Amino acid sequence: MTGAGSVGSVPRLVIAAPSSGSGKTTVATGLMAALSARGMAVSPHKVGPDYIDPGYHALATGRVGRNLDAYLCGTELVAPLFAHGARGCDIAVVEGVMGLFDGAAGEGELASTAQVAKVLRAPVVLVVDASAQARSVAALVHGFVSFDPEVRVGGVILNKVGSERHEGLLREALEAVGVPVLGVLRRGARVETPARHLGLVPVAERAADAVAAVDAMGAMVAEGCDLAGLVALASSAGPLVGAAWDADEALVSSPPPPLPFPSLGAAPPDPPVGRPGGPRPQTPDGPTVVALAGGPAFSFSYAEHAELLTAAGAEVVTFDPLRDEELPEGTSGVVIGGGFPEVYASELSANEGLRKQIAELAASGAPVAAECAGLLYLCRELDGMPMCGVLDASARMSERLTLGYRDAVAVSDSVLAAAGTRMRGHEFHRTVVEPGAGDSPAWGVRAPERRVEGFVVGGVHASYLHTHWASAPGVARRFVERCRTS
């Protein structure tokens, strides 16, 4: 599953915290920006499945933010995927998830920041919210230092410190623990990072405001932290043995899709006549164009998905369903990832031409893969507003948050996987689709309750589950092969 390019010994740090809300996103993003401003090539990474923080990391570094998720991809891929992202960089900064030792529910350390730090042999910097404590900070840090001896906490950054006297008390207390203080951020220092029902507002929706926020984070960290000390700590990371992940070699080493393709259900109806400039049949020698949804409404996508599609022979072209009235010329398949269609429902609905074109493409039997936001977009309606109408289902906002890792098995043969294929996924949404599954469901999920979910209709695979294709590269090859033959 790995290819050319050594994992090697890129200097690296993991920015962690005792709990969510301690300020690790601000510190990690600010550190990335501060080091980049000093001319360093910084590789940005995020532990876990989150799509939003990597967008801020990308702004800070000018490089693609990449996820390291031991649950979705397997522990064995953490270091190769890290090395893939860190090629040619001077230093890597890895932002943790939740508290340092928090991971997949009921799975011990799996997918925790601590586990990733151990796999990467990287020192940890603990960001501590010190706003309501003094000497007790020593007990807190001591507990995190001693809980797992294999996790090396190499420094502390104190956040929300009230005054010089408060800082003095904290430093004095921490002397007994033997962990250096590598930064102090004052309580009054604030960066505007607005949030809503699923966390921070993504970079794609904030534009100039997001740039200003990242600049402010960088200035705050540069002023309050010991950058030289942090770089020195990163340089103490242990060497890693192995090779970097490579999309081309990942496809070579993955099992090929069965050919001819298994039955995908009843044959779709004859497609309507497309409009000029819309999708057209591909010739054997022509490009296999896969249209990848992007823009503010569909900003959730792992970079490795596009890389795998490209390695499988596709020409990946991004389109924005909010603004583009047509699919890219020659589109033979569509991938629609996650995002916030509920925020842009009226604008998406108003783009009637594109909605109809996607429906026509799906009716022709062409492959369409949709995750979460993409699922909502393919429904008849979202909060009462017309969507693509590809699926006989309706979607609406809900007050209930659905969140967590999922162990899934493909129930129906589809353009992504043969029935029986096991994959791990993640759900994160405040919406409901009714019904939750079609006559040919996409996945069977074992936990937290046994159920089927999603839709397989002709060449359409639509589901709430976010998956990481690096764990199963054959998904991309199967999808592109279906694009060629549909």
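Author: Two strands pair if DSSP finds at least two bridges between them; strands (E, at least two residues) and helices (H or I, at least four) are DSSP runs, numbered from the N terminus. This is a predicted model, where local features need pLDDT of at least 70, side-chain atom pairs count only at pLDDT 80 or more, and totals for chains, interfaces and linings use all residues. Residues are numbered from 1 along each chain as its sequence is written, and side-chain values use heavy atoms, with hydrogens and water left out.

Reader: In which sense do β14 and β15 pair?

Author: β14 spans residues 331-336, and β15 covers residues 368-371. Val335 stands opposite Ala369 in β15. The 3 bridges between β14 and β15 run in the sense called parallel.

Reader: How many residues of β14 are buried?

Author: Buried means under 20% relative accessible area, with a 1.4 Å probe and protein chains only. Strand β14 is mostly covered, and its buried count is 6 of 6.

Reader: Which residue of β19 is the bridge partner of Tyr405?

Author: β18 (residues 394-410) pairs with β19 (residues 422-434) over 12 antiparallel bridges. Within β19, the partner of Tyr405 is His426.

Reader: Which orientation do α6 and α7 have to each other?

Author: Axes are lines fitted to C-alpha atoms, for helices over the stretch in contact, with angles from 0 to 180 degrees between N-to-C directions. The axes of α6 (residues 136-147) and α7 (residues 164-175) come within 8 Å and cross at roughly 45°. Angles under 35 degrees count as roughly parallel, over 145 as roughly antiparallel, 65 to 115 as roughly perpendicular and the rest as oblique. The orientation of α6 and α7 is therefore oblique.

Definitions and conventions: Buried means under 20% relative accessible area, exposed over 50%, partly exposed in between (1.4 Å probe, protein chains only).
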